[in-house]
Amino acid sequence: MAQRAPLHILAPALLVAVAMVVPLGYLGLRAFQADPQTVMDLVFRERNLHLLINTLKLSFGVLVVTTIIALPLAWLVTRTDMGHRRLLTILGVVPLAVPGYVMAYALIGIGGHYGITAQLFDWQLPRIQGYWGAVAGLSLYTFPYLFLNLRSALLGLDASLEESARSMGHSETAIFRRIILSQLMPSLMAGWLVIGLYALGDFGVVALMRYEVFSYAIFNQYSGAFDRIYAAWLSLMLLAIALVFVMSESVILRRRRLASTGRGVERHAPPHQLGKWRIPAWVFVSVVVLASLGLPVVILAYWLLMAPPPLSFFLEVPLVFARSAVAAMPAALLATAMALPVAYLAVRHPSRMANAVERSAYIGYAIPPLTLALALVFLALNTVTVLYQTLALLILGWALATVALAMGPLRSTLMQMRPSMEEAAHSLGHGPSSTFFNVVFPHLRKSILAALALVFLFCMKELPITFLLAPTGYTTLAVTVFSRTSEGMMAEAAPFAAAIMLFSGLSVALILNREGDRH
Amino acid sequence: MQNKLIGLIVLVLIAAGGYLGISAVNEPSTLTLYSGRGESMVRPMIERFESRTGINVDVRYGDTAQLAVLLQEEGDQTPADVFWGQDAGAMGSLAKADRLATLPESLYSDLPPIFRSRTGEWVAVTGRARTFVYSPERVSESEKPESVFDLTEPQYEGRVGWAPTNGSFQSFVTAMRHEHGDERTLEWLEAMDDNGVEAFRNNSSQVEGVADGAIDFGLVNNYYLPRYKANDEQYPAEQDFFESGDIGNLVNVAGTGIIKGTENREQAVEFIRFLLSPEAQEYFTQEVHEYPVRSDVERNPQLKPLEELVNAAPEINLDELEDLEGTLDLLREADLI
């Protein structure tokens, strides 16, 4: 039934794919300059295998923990009579604004001889580090990727399926497993994919937690050797692993049909009564919020109180925030605008090519950000030099890195939407673009807002791309926090780190408030 | 709804175009600095320099290594006039890639030899000594090592930390290779590994590791502990040099150089001259706890005198620290990175 995709979908989707090929081309160019013998020594090392296994173990652990956090949380705020759902939703998203290394410092700072608990309560906890430290650190601020994806899907879930199952005598567990879970599969996979790829490429948390993974090898090549040629080979290796992740997602999702067919009006389920589960539910939510937001807030407050900086520091904060947001907001819009045609093409006009286009969108996200930034430097300097070191290039860099993030919520909603609605619009005489804007677009409202929030938060704390592509003299909150913590000036970093969390939280609240109550 | 969104997108495109226009205009008397040193330390100096000379300075802050790679990628098209990096290795790699111009000799002729590059393409701004940090509670006076080579002994098993991925540690290994040869260095690296040395991210995480009881000794740069002590005098860690001349006391530097082909050479030279002036040097030692490159500034009470440092330091020419590739090969051979 897949028709040829209309041009207004196909052209922008292809444009996105082309943009994604740019960093690949750059990598190829640099890799080609290498001396084969050195490449062999660098790539086929036994240690790389060891690092690779550690990387996979880490990704697996993070996926398990984030699912344990995000799945119940998403279900609670969408399908139950739990109060304060909007507030809880925002609290479930804001951890994304916590810079990874701040989370790692927070976890490390709890225990040990000089840790917070030892200082304040004379009670020495073991120091959190190694594998579990890395898993906890990464999970506590990446679970919102999964949470937002699942929430979008749960909100779009058609209740009639569940109701028919119930009327046919299926138990609640069976309904959850067979119907809800299978409907949630695309968003679970989308969330897992972005978190898995994130864990694959992260260096900040794992380095502080002292757990050695593959990103070590790349970091060392850029940072230790000041080299971009052999680093290209290592980036290509990382991309190869990422490709395995991306392909396995696509294999699992293939041949799934999620939208209900036949007659009947799509409806939303009444909320489940929590009853005696109310207290455990609130305990769970409190633990999640305390761990993901409480911990970093405590460590920031502790840094601040240890050595309070002068007031002028605080006055500077809103200005730097505004500067960060001025670039992060357009990047969020651009990334979402790029993700929309790609997701639509992949879901509504599936074909080998559509699939390839969709997969290509993950290149920008999976590639080490420093490599992506260097590719754009190369591109700008060799084509449109005026673009170099302008905000426009930074926005483009951020957008390329985040198209995959924006795609998750859009795709799962599109998969739940019945094509029959669009067909009906066609038969009523609406043209393709009129159908897209009048029928598809309103349905996507919530997912678009979720996508905007995801990208915005990513950009607010992004570092390597900002370092390389931002106009000279343009510092963001994230840059300020990073440069101060790395100099060991924690107290001076704290107000800016707090500002990232506070203002990003407020922005997300604003974005999600636009959801309204309309479906 | 969609009209609003489209409107918003159009607005963004216009705004982006606006930025383009603004940033394309560049004032001629503006100096562009790529700084691998943090903003909190650099900015006060920039402000003083600007008000003193009327020369505007645009600063791009970043990680030293990332900026060094960026400068190579930019090549002749770089907008940068001056680079200020964290370590000799980064400066050396840029000199090797032919990105640095020769400096006028008058800039560095009266500095002590350990702070000069022989090729004259860059100059040290501050000195940073390698030292060991230890826990005064868990380490007795007699246990303090005399040489970095002692740390492979059984009494230090599982008690020592280092940061093999860190630039200043790698510079130290380069110096060791130069002084003692590759073979002995590799032996040391492997013996340390066998002795259960713990790998950390960087210097400050080792200082914290000592305070937290994760390790008893760490191999670090000298200026991190004073920063913790400045916040808390009771901070449970101390530091000391190995015996005089030991390679473990290497003096590394943060350096600066002028980018080849700059149109603002005169202002760039003036800027570097300012960084080396007593005024700026005093700031670096008092506020940042690093060693000044000249002896006529007031001493930071937290630091040992410069003469003592020059005595304790092994005699290594900074240009010898350029051979990073050999060091990385060695670290890879020992499976440490």
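Contact here means heavy atoms within 4.5 Å of each other. On that basis, the contact between the two chains of this predicted model takes 65 residues from chain B and 72 residues from chain A. Buried area is the accessible area, found with a 1.4 Å probe, that two parts lose on being put together, summed over both. Chain B and chain A bury about 6,000 Å² between them, and 57% of this is on carbon and sulfur atoms. On the chain B side, the residues that lose the most area to chain A are B:Glu73, B:Arg201 and B:Asp212, which together make up 12% of what that side buries.

Residues are numbered from 1 along each chain as its sequence is written, while chains are lettered from A and ligands numbered from 1 in the order in which they are written. Because the model is predicted, local features need pLDDT of at least 70 and side-chain atom pairs count only at pLDDT 80 or more, whereas totals for chains, interfaces and linings use all residues; side-chain values use heavy atoms, with hydrogens and water left out.

Helix packing comes next. Two packed helices are described by the angle between their axes and the distance between the axes. Helices (H or I, at least four residues) and strands (E, at least two) are DSSP runs, numbered from the N terminus. Axes are lines fitted to C-alpha atoms, for helices over the stretch in contact, and angles run from 0 to 180 degrees between N-to-C directions. In chain A, helix 5 (residues 100-110) and helix 13 (residues 278-306) have axes that come within 9 Å and cross at roughly 80°. These two helices of chain A are therefore roughly perpendicular to each other (angles of 65 to 115 degrees count as such, under 35 as roughly parallel, over 145 as roughly antiparallel and the rest as oblique). Among the residues making this contact are A:Tyr105 and A:Leu107 of helix 5 and A:Leu295 and A:Trp303 of helix 13. The residues of the contact divide into 12 nonpolar, 2 polar and no charged (Ala, Val, Leu, Ile, Met, Phe, Trp, Tyr, Cys and Pro count as nonpolar, Asp, Glu, Lys and Arg as charged, and the others, Gly among them, as polar).

In chain B, helix 3 (residues 64-74) and helix 4 (residues 88-96) pack at an angle of about 5°, with their axes 10 Å apart. That makes helix 3 of chain B roughly parallel to helix 4 of chain B. Helix 3 brings B:Thr64, B:Ala68, B:Leu71 and B:Gln72 to the contact, and helix 4 brings B:Ala90, B:Ser93 and B:Leu94.

B:Arg128 lies in strand 4 (residues 123-134) of chain B and is buried, with a relative accessible area of 3% (buried means under 20%, exposed over 50% and partly exposed in between, with a 1.4 Å probe and protein chains only). The side chain of B:Arg128 has a polar atom 2.7 Å from the backbone oxygen of B:Gln86. A polar contact of 2.5 Å also joins the side chains of B:Arg128 and B:Tyr223; such a contact is a pair of N or O atoms within 3.5 Å, where within protein one must be able to donate a hydrogen and the other to accept it, and residues adjacent in sequence count only if both atoms are side-chain atoms.

In chain A, A:Ile395 of helix 18 (residues 391-416) is buried too, at 7% relative accessible area. The C-alpha atoms of A:Ile395 and A:Ala327 are separated by 6.2 Å, although the residues are 68 apart along the chain.
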